[in-house]
Amino acid sequence: MPGPAFRRGETVSLSTVEEDDITFLQRLRNDPATRTRTSASGSENADELTEWFEEDVSALDGEDAHFLVVPTAGENEPAEPSTSPAAGEGDGAGGTSEGGDAESEADRQPAPVGFVSLSGIERPAGRGEVTCTIDPSDGDSSPEQVSSYAREALELLVGYAIEERRLHRVVAHAPAGDEAYREVLESAGFTAEHTQREEWFVDGEHVDVVCHAVLADEWGGT
Amino acid sequence: MPGPVFLGGDEVTLRPVEEADLPFLQRHRNDPAIRAGLTTAEPQNGYEAQQAHERHTGDDSGVGLLIVPRDGGSPDADPVGTVVLFDVDESNGTGELAAWVTPDEQGKGYATAGTRLVLRHAFEERRLHKVVARALVSNAPSRAILEKLGMTEEGIQREEKFVDGEHHDVVRYSLLRREWGGA
């Protein structure tokens with residue numbers, strides 16, 4: 001169950017990642033269709049995800065930030081208290097009730113449709129990198145909807161990075177052949193900057209990667 | 001005193017850092033002329049000075065070495081700089097390198113020789129596919145070294161580093177294993 005909304009947009013919000021969201025992330029980070037480039041170790045079972053959640057997502061030091069992308073309530077039907085595909089699996093999948101305002105708001109939240117992160121922050125330059133993975137488990141998962149969610153999620157995340165974390169430069173990388181994601185990046189305000197030749201090893205071959213960037217001076221906000 | 005030779009060439013050898021070398025590193029890292037290369041001072045030499053274990057987390061299995069000239073053949077010659085391979089990504093087969101040489105030892109080819117040895121190590125021992133290196137766009141001497149070694153200018157990272165009170169563009173170079181001529 002996503003935590004409270006951290007940054008709100010028109011169609012999606014960014015919400016904190018809570019422990020019982022691990023099952024959603026486990027699918028996202030393992031499914032060949034969606035697993036992100038940030039999973040350096042490869043496959044991740046529930047224990048590895050839990051460790052990642054505790055050590056990376058929940059790290060008290062460091063500047064990385066991770067969020068779930070959650071459609072604005074009313075966009076989708078509110079989720080059942082347990083949003084896990086396999087109810088009863090993992091910790092807290094049943095949505096244990098402890099009361100409190102945060103928990104009431106979380107109950108009303110629709111299921112997450114994706115995950116974004118801000119990492120690699122370098123100071124004093126104020127440079128950081130963002131990634132975005134969208135994969136609704138139900139509801140509309142057409143390419144248009146996925147791109148729309150991704151664009152707004154990235155806008156929210158970049159806005160957070162520049163307006164709250166005082167970053168000067170935010171980068172995002174996309175395989176040169178991933179036209180859809182490159183268009184999302186450009187619609188979210190990024191400029192394609194340069195091509196890194198044979199930078200990533202994907203499906204058995206080295207592929208070019210395009211580095212996109214947006215500078216604080218260019219960021220108009222939303 | 002540098003430890004045993006790790007990589008050897010005609011002009012320089014590269015040795016791992018020993019505890020006794022830390023004062024040398026500390027003194028020159030604090031030298032405004034070469035301090036932290038791209039990140040806190042405009043470099044006068046070399047292209048970037050970062051120790052991998054200080055800056056980069058995650059799967060960073062690189063190497064940091066001292067450059068020791070072979071002049072006169074003394075095995076106990078003092079180091080003149082460092083060269084570092086860092087941000088090694090084994091799944092992609094990529095790594096980045098950086099080096100610096102103290103101002104009074106520049107112009108003698110030490111950075112070029114040391115970098116060449118690390119490139120050979122990266123391609124022939126570490127089986128990397130691609131090595132990158134970066135420099136401030138304004139750092140002509142460092143860029144000349146990278147170009148002399150056959151690296152290709154790949155692109156400009158706008159306002160990537162903050163030096164002397166303002167942001168500066170960085171130029172990224174790369175070399176692929178099939179372009180590595182050896183020697």
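Over all chains of this predicted model, the count comes to six aromatic pairs. One of them joins Trp52(A) and Phe115(A). The ring centres of Trp52(A) and Phe115(A) lie 5.7 Å apart, and the angle between the planes is 70°. Planes over 60 degrees apart count as edge-to-face, and the pair of Trp52(A) and Phe115(A) is of that kind. Trp52(A) belongs to helix H2 of chain A, which spans residues 46-57. Phe115(A) belongs to strand S4 of chain A, residues 114-122.

In chain B, the rings of Phe123(B) and Trp180(B) have centres 5.9 Å apart. Their planes meet at 35°, so this pair is tilted. Phe123(B) sits in helix H3 of chain B, residues 110-125. Trp180(B) sits in the segment after S8 of chain B. These parts are 57 residues apart in sequence, and the pair therefore ties them together. Phe123(B) and Trp180(B) are both buried. Back in chain A, three aromatic residues form one cluster: Phe6(A), Phe67(A) and Tyr160(A).

The interface between the two chains was examined next. Here 24 residues of chain B are in contact with 24 residues of chain A. Together the two chains bury about 2100 Å². Carbon and sulfur atoms account for 37% of that area. On the side of chain B, the most area is lost to chain A by Asn92(B), Arg158(B) and Glu160(B). These three residues together make up 31% of what that side buries.

Charged and polar links also cross the interface. Between chain B and chain A the count is 10 salt bridges. One salt bridge is formed by Glu199(A) and Arg172(B), with the closest N and O atoms 2.8 Å apart. Polar contact is found for 20 residue pairs across the interface. On the side of chain B that touches chain A, strands S7 (152-163) and S8 (166-176) each supply at least two residues. S7(B) gives the most to this side, with 10 residues. By class, the side of chain B that touches chain A holds 10 charged, 10 polar and four nonpolar residues.

Definitions and conventions. Residues are numbered from 1 along each chain as its sequence is written. Chains are lettered from A and ligands numbered from 1 in the order in which they are written. This is a predicted model: local features need pLDDT of at least 70, side-chain atom pairs count only at pLDDT 80 or more; totals for chains, interfaces and linings use all residues. Side-chain values use heavy atoms; hydrogens and water are left out. Contact means heavy atoms within 4.5 Å. Buried area is the accessible area (1.4 Å probe) that two parts lose on being put together, summed over both. A salt bridge is a side-chain nitrogen of Lys or Arg within 4 Å of a carboxyl oxygen of Asp or Glu. A polar contact is a pair of N or O atoms within 3.5 Å; within protein, one must be able to donate a hydrogen and the other to accept it, and residues adjacent in sequence count only if both atoms are side-chain atoms. Helices (H or I, at least four residues) and strands (E, at least two) are DSSP runs, numbered from the N terminus. Ala, Val, Leu, Ile, Met, Phe, Trp, Tyr, Cys and Pro count as nonpolar, Asp, Glu, Lys and Arg as charged, and the others, Gly among them, as polar. Rings of Phe, Tyr and Trp (its six-membered ring) pair if their centres lie within 6.5 Å; planes under 30 degrees apart count as stacked, over 60 as edge-to-face and the rest as tilted. Buried means under 20% relative accessible area, exposed over 50%, partly exposed in between (1.4 Å probe, protein chains only).
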